[in-house]
Structures are given as structure tokens and as C-alpha cells.
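Me: I am new to this structure and would like to know what the terms used for it rest on. Please take me through them one at a time.

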Amino acid sequence: LSITNILFEGDGFYRNDNQNLGVVVRGMGGIGKSVIAANVVRDPKVANNFRGGVAWLSIGQRRARDMEMSLTYDSYYELLWSLCEQLNMEDANIPYFADPAFRTYDEEISNENNAADNKKRLVERELRYMAKAKDYFTNYLIRINSQRILIVLDDVWHRNDGWWFEFGARSRLVITTRMRDVM
């Protein structure tokens, strides 16, 4: 069974509602995971099935300083913009939710709290901004009645990073990783 067949027919990894999200190419460094993903992207059947486009995002070992998460809101926002550019969707105009105009008082990090409490609040704020951006982009895809898109997430190191790029029935993922617990 080829990767392209898995993307089209099933047998990939699934969300709770049994929707096929895509495929994970897993293995040790240097064995050709990215080459396999590149070959999938070049397959003419892929272009015909994902008429909305194909985007390649290099995730890598991003690490949010002093937080237990790999993507920060800023890095996620940059990746979303790269996605929009690759899919010719620059008109998505994703708001920058970390802008002070979008913040509420309870999101501000206070000097009065201890370091552990501030770290927790910072992580919660980052995740909240990322969720807003993901919802905005998902709704944009629905609003424009987007064709299906394929997103390659290359070199994923954190198990939850793929979730941020799952946009429902209009998208599929190919994830390359060395990690066992991704998706």
C-alpha cells in the first residue's frame, strides 16, 4: 500500500471522529523520510487530488524558551503565513492575536506572581492565541470553500505539533519524524 493510497483511501492516522488525517513517515535520522515525502508531493495523483495545493513546512527542533511546548504563537503564526503564501491564500489576513489590541486584562503576565505561575499563564496564553489562529484559518478555508490541501510537516519533534495543522476534511497531513509518539 503506497503513501498516496493511504492519503486518498484511509489506513492513516485518525481523529476521534474516524476522519483520515494523513500519514506519518517515521524513522531514524538520515534514512530518507523527507525524500519519501518529497516523492509523494511530486506524484501527479497528489496534485489531482489536492487541488487546493500542497504546502511544505519545516518544523524542526523549535523550542519555546522556558516552556514545555515546541511551537510558540509567533512561530506558529509564521508557519501559518508560510502556508498561506504557498497555497496562494495571502488574503486570509490572519489577525496577530498577540497584538495588545486583542489582549484582555487577565492575559497580562504580572510581576506580582511567582515564576511558576507566570510560566503557566504564559503557556496558557500562547495556546489560546494559537487556538484562535487555527480556528480563524479553518473558518477561512470553509468560507472560501477551499479545495482539499495537503500539508507536509517535515522534521516534527513534538507529539502535538501536527494537531495545529489539522484543518478538518479539507486537509491531509504527511508528517516526517524521528519520534515514536508523534500523532
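Reply: Buried means under 20% relative accessible area. The model is predicted, and the values below are computed from it.

Me: Why is V152 called buried?

Reply: The relative accessibility of V152 is 0%. The cut-off is under 20%, so V152 counts as buried.

Me: Where is V152 placed, and which residues is V152 in contact with beyond its neighbours within four places in sequence?

Reply: V152 belongs to strand β4, residues 149-156. Contact requires heavy atoms within 4.5 Å. With neighbours within four places left aside, A37, V41, A55, W56, L57 and V174 are in contact with V152. V54 is 98 residues from V152 along the chain, and 7.7 Å separates their C-alpha atoms.

Me: What makes K134 buried rather than exposed?

Reply: K134 has a relative accessible area of 7%. Buried is under 20% and exposed is over 50%, so K134 is buried.

Me: Which helix holds K134, and what is K134 in contact with?

Reply: K134 lies in α5. Leaving aside neighbours within four places in sequence, its contacts are Y76, W163, W164, E166 and F167.

Me: What makes a set of residues a nonpolar core?

Reply: The members are buried Ala, Val, Leu, Ile, Met, Phe, Trp, Tyr and Cys residues, joined through side-chain atoms within 4.5 Å. The largest such core here has 33 residues, and Y76, L83, F137, L153, F165 and F167 touch the most other members. At least two residues each come from β3 (53-60), α4 (73-86), α5 (115-143), β4 and β5 (171-177). The most are given by α4, with seven.

Me: Which residues does F137 touch, leaving out those up to four places away in sequence?

Reply: F137 touches L80, L83, C84, M89, I94 and F167. Another core lies apart from the largest one; its 11 residues include I3, V23, V40 and V46.

Me: How do you know that the reach of α4 is close to the expected one?

Reply: The expected span is 1.5 Å times one less than the number of residues. For the 14 residues of α4 this gives 20 Å, and the helix reaches 20 Å from its first C-alpha to its last.

Me: Which residues of α4 are buried, and what follows the helix?

Reply: Y73, S75, Y76, Y77, L79, L80, L83 and C84 are the buried residues of α4. Just after α4, N88 has a positive phi of about 55°.

Notes. Residues are numbered from 1 along each chain as its sequence is written. This is a predicted model: local features need pLDDT of at least 70, side-chain atom pairs count only at pLDDT 80 or more; totals for chains, interfaces and linings use all residues. Side-chain values use heavy atoms; hydrogens and water are left out. Buried means under 20% relative accessible area, exposed over 50%, partly exposed in between (1.4 Å probe, protein chains only).
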